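Subject: Structure handover

Hello,

Here is the structure we talked about. Please open it alongside this note; my findings follow below it.

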Amino acid sequence: MSQTIVDQTLRKLKANNVRITPQRQAVLEFMIGTHMHPTADDVYQALAGRFPNMSVATIYNNLRLFTELGVIEEMTYGDASSHFDFAQTKHYHAICDRCGKVVDIFYPGLEDVEIVAQNLTGFMVTGHRMEVHGICPECQLANR
């Protein structure tokens with residue numbers, strides 16, 4: 001995990017008058033350092049050993065705050081649990097239809113989708129999301 005990214009994000013939080021508690025900083029550092037797209041429960045399980053008195057509600061509240069401030073992105077795919085992603089760079093996701101694994105896709109040029117959509121539809125585009133669905137390599141091997 002890059003300490004520079006942590007420091008920049010902490011400055012952004014402070015600029016928005018967010019108090020930096022040890023638990024809040026731990027959630028932020030976990031989100032920056034993970035390559036998975038955790039649920040709130042995943043974050044809770046990862047930090048419970050360091051903060052045994054921390055509740056799942058604390059995790060949810062911090063994730064909601066970070067989402068509102070644009071620090072992380074909430075990903076909902078129609079299942080019961082939201083997944084969360086710290087995203088400095090716009091990217092997309094490949095999702096395994098069997099195990100639910102989510103993998104980042106960085107592909108140049110897809111930012112133009114919003115401009116093209118706006119020009120074709122007249123919509124004032126406020127964002128977009130692209131998902132690719134399939135079977136991950138691990139699940140493919142498990143079925144052989």
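**The cysteine site**

Cys-99 sits in the loop between E3 and E4. Please keep in mind that this is a predicted model.

Cys-99 is partly exposed, because its relative accessible area is 46%, which falls between the 20% and 50% cut-offs. Leaving aside neighbours within four places in sequence, Cys-99 is in contact with Cys-136 and Cys-139.

Cys-96 belongs to strand E3, residues 92–96. Is Cys-96 buried or exposed? Cys-96 is buried: its relative accessible area is 6%, and buried means under 20%. With residues up to four places away in sequence not counted, Cys-96 touches Lys-101, Gly-134, Ile-135, Cys-136 and Cys-139.

**The Glu/His pair**

UniProt also lists Glu-111 and His-128 under "binding site", again from an unreviewed entry. The pair is spread over 18 residues of sequence, yet clusters in space, with a largest C-alpha distance of 9.2 Å.

Glu-111 is in the loop between strand E4 (102–105) and helix H5 (112–121). His-128 is in the loop between H5 and strand E5 (131–134). Glu-111 is partly exposed, at 40% relative accessible area. His-128 also counts as partly exposed, at 25%.

What does His-128 touch? Not counting residues up to four places away in sequence, its contacts are Lys-90, Tyr-92, Leu-110, Val-113 and Glu-114.

**The nonpolar core**

The largest nonpolar core has 24 residues. The members that touch the most others are Val-27, Met-31, Leu-47, Ile-59, Leu-63 and Ile-72. Several elements give two or more residues to this core: helices H1 (3–15), H2 (22–33), H3 (40–47) and H4 (56–68), plus strand E2 (83–86). H2 gives the most, with 6 residues.

Best regards

Notes
Residues are numbered from 1 along each chain as its sequence is written. This is a predicted model: local features need pLDDT of at least 70, side-chain atom pairs count only at pLDDT 80 or more; totals for chains, interfaces and linings use all residues. Side-chain values use heavy atoms; hydrogens and water are left out. UniProt positions are given in the numbering used here, feature names are shortened, and annotations may be inferred rather than shown by experiment. Helices (H or I, at least four residues) and strands (E, at least two) are DSSP runs, numbered from the N terminus. Buried means under 20% relative accessible area, exposed over 50%, partly exposed in between (1.4 Å probe, protein chains only). Contact means heavy atoms within 4.5 Å. A nonpolar core is a set of buried Ala, Val, Leu, Ile, Met, Phe, Trp, Tyr and Cys residues joined through side-chain atoms within 4.5 Å.
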